[in-house]
Amino acid sequence: VLQISKDDVTALQCKVVCLIQNGNFKEALGVINTHTKVLTSDIIAFEKAYCEYRLNRIENALKTIQSASQQTDKLKELYGQVLYRLERYDDCLAAYRDLIRNSQDEYEEERKTNLSAVVAAQSTWEKVMPEDLGLREATYELCYNSACALIGQGKLNEAMKKLQKAEELCRQSLSEDSDVTEEDIEAELAIIHGQMAYIMQLQGRTEDALQLYNQIIKLKPTDVGLLAVIANNIITINKDQNVFDSKKKVKLTNAEGVEHKLSKKQLQAIEFNKALLAMYTNQADQCRKLSASLQSQSPEHLLPVLIQAAQLCREKQHAKAVGLLQDFADQHPANAAEIKLTMAQLKIAQGSVTKACMILRSIEELQHKPGMVSALVTMYSHEEDIDSAIEVFTQAIQWYQQFQARTNYGCCVFQPKSPVHLSLIREAANFKLKHGRKKEAISDLEELWKQNPKDVHTLAQLISAYSLVDPEKAKVLSKHLPSSDTMSLKVDVDALENSHGATYVRKKAGKLTGDNQQKEQGQGDVKKKKKKKKGKLPKNYDPKVTPDPERWLPMRERSYYRGRKKGKKKDQVGKGTQGSTTAGSSELDASRTASSPPTSPRPGSAAAVSATSNVIPPRHQKPAGAPATKKKQQQKKKKGAKGGW
């Protein structure tokens, strides 16, 4: 038809629809753009917008829908999908409500499912409290979306029950179809199981979550978005451990088309984890590159600059890290508090506690919080700067006084102080008493007693402090103490004595009273002493001989120790190889007497000496032939080593 009439509108429309049905969205869009004169926006607006939507040109699709002269039901359906992809959830919710209200066909269940998905996204990403839409959760998709909304609210146990119900409904609906296999059912359940594992991870059941995540990955689902989320969650469980597994899982987050399947916050979280993994694997350049890219995308976000600072600290560049954080705090005052807390932590790690205190005191919105006051006082005490610690207490107490004066402005009635204010005064008084600042502590204690005159504990502390400074004042205040009768406690004495802790004391007291009775009766005036056992004496002990006063010292430390005596037998033993003879052995030979004729010396033996007085003792002689024998043995060993001994 088009060969006969190339501008035939009906034929062109049919061609575009056929191309869309075959999934050739780019070619279909090309046909529409080529014949813009014939295929006007009124005729083919839906097909053009749908092609742009499927090609992930979401902004263009929105413009095409808005430029259409007539908003048909098809365009409204597509408009809702486009708004969801653009994360304009409020507009999307309004669009679906309008569709459900003004249409009655067989697609009502799908519209309700999409509506519940929008509510779940609002709860998860925008932390909006979802309203009750009154949707009947008859399908597993509606149950799943309801569970996602509950996760966004932090109701994890309820969400898990919803997911279990969704799993049951999914199995029932799919098992009715005979063509669906068990593998198909497991593939459909993968997204439900993934959300279950996420709840387990949030609840701290990381082992169970990891096991379920790995089971889903083994199924090899076709949804790249699901795989990317699961891989990212496994990386967060691994943290700085099992880095090799994390590096493998990162590849799943880089799959083609992932950016079109996930929300902006999900993609951002994946990029943050990539940067952290690069830091843990000592890929400094990659870490800096990723964190810089993230900072350019979200300049006000804290995480990119914190990752950069952490990387600098790993490289021992603490001063540079602090400078980077300070620049960010100056540029973004709204996030300065968290950044300054990190800077203080770095200063403490460097040992600069005083500088850390200065940074903490510069955080105006946290300066007078009880936790901050406690931290500053502890740090100043560690540095033995008691004056600065007391100054922190004083400033915090004054701030609460001014705050109370502002809130109670115009009131003439006496206003009691807040519990936090009173707690700070008490802590300040205790701190001053501990460090010997009695006079300063007295004013704080008087303020506390004024607030609660019936507080006996505060009064006792006040009297104790005055007793060291002004004893007369302490006596006057002691009159306000309650009498002993009013302070008596109603205690069951029998129950107290029969308690487990009093058993040992009662037995011991009984023994002592028994001893006292014996003393009164005169049976034993002297305290019994334990008999000492007589020590055993040595067998050769002689009472007449005075024992050696140095007998308790080791033998080497005694004054008369002269070292070991050399044995006689050792002196007679010659050195050398086994069986060799020495020059001194001739003296022991009976055949070699003075009457026997001299014989010529044996080869290899020592030469004969003329007089017996000049004979060298055997101990100082070197055995004859010993060096030669050793050399021969060494040569034999070397030869034998080659043979494989």
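Q: What share of the 645 residues is buried?
A: Buried residues, meaning those under 20% relative accessible area with a 1.4 Å probe and protein chains only, make up 32% of the protein. This is a predicted model, where local features need pLDDT of at least 70, side-chain atom pairs count only at pLDDT 80 or more, and totals for chains, interfaces and linings use all residues. Residues are numbered from 1 along each chain as its sequence is written, and side-chain values use heavy atoms, with hydrogens and water left out.

Q: Thanks! How many helices and strands does the protein have?
A: There are 31 helices and zero strands. Both are DSSP runs numbered from the N terminus: H or I over at least four residues for helices, E over at least two for strands.

Q: Let's look at α2, then. Which of its residues are buried?
A: In α2, residues 25–34, the buried ones are F25, A28, L29, V31 and I32.

Q: Why do they count as being on the same side of α2?
A: Because they cover an arc of only 155° around the axis, taken from the directions from the helix axis to the C-beta atoms.

Q: What do they pack against?
A: Their partners are α1 (9–21) and α3 (41–54). On the face turned away from the buried side sit K26 and T34, which are exposed, that is, over 50% relative accessible area.

Q: Switching topic: is N233 buried or exposed?
A: N233 counts as buried because its relative accessibility is 9%. Its place is in helix α12, residues 224–238.

Q: And what is N233 in contact with?
A: Leaving aside neighbours within four places in sequence, Y198, Q201 and Y213, where contact means heavy atoms within 4.5 Å.
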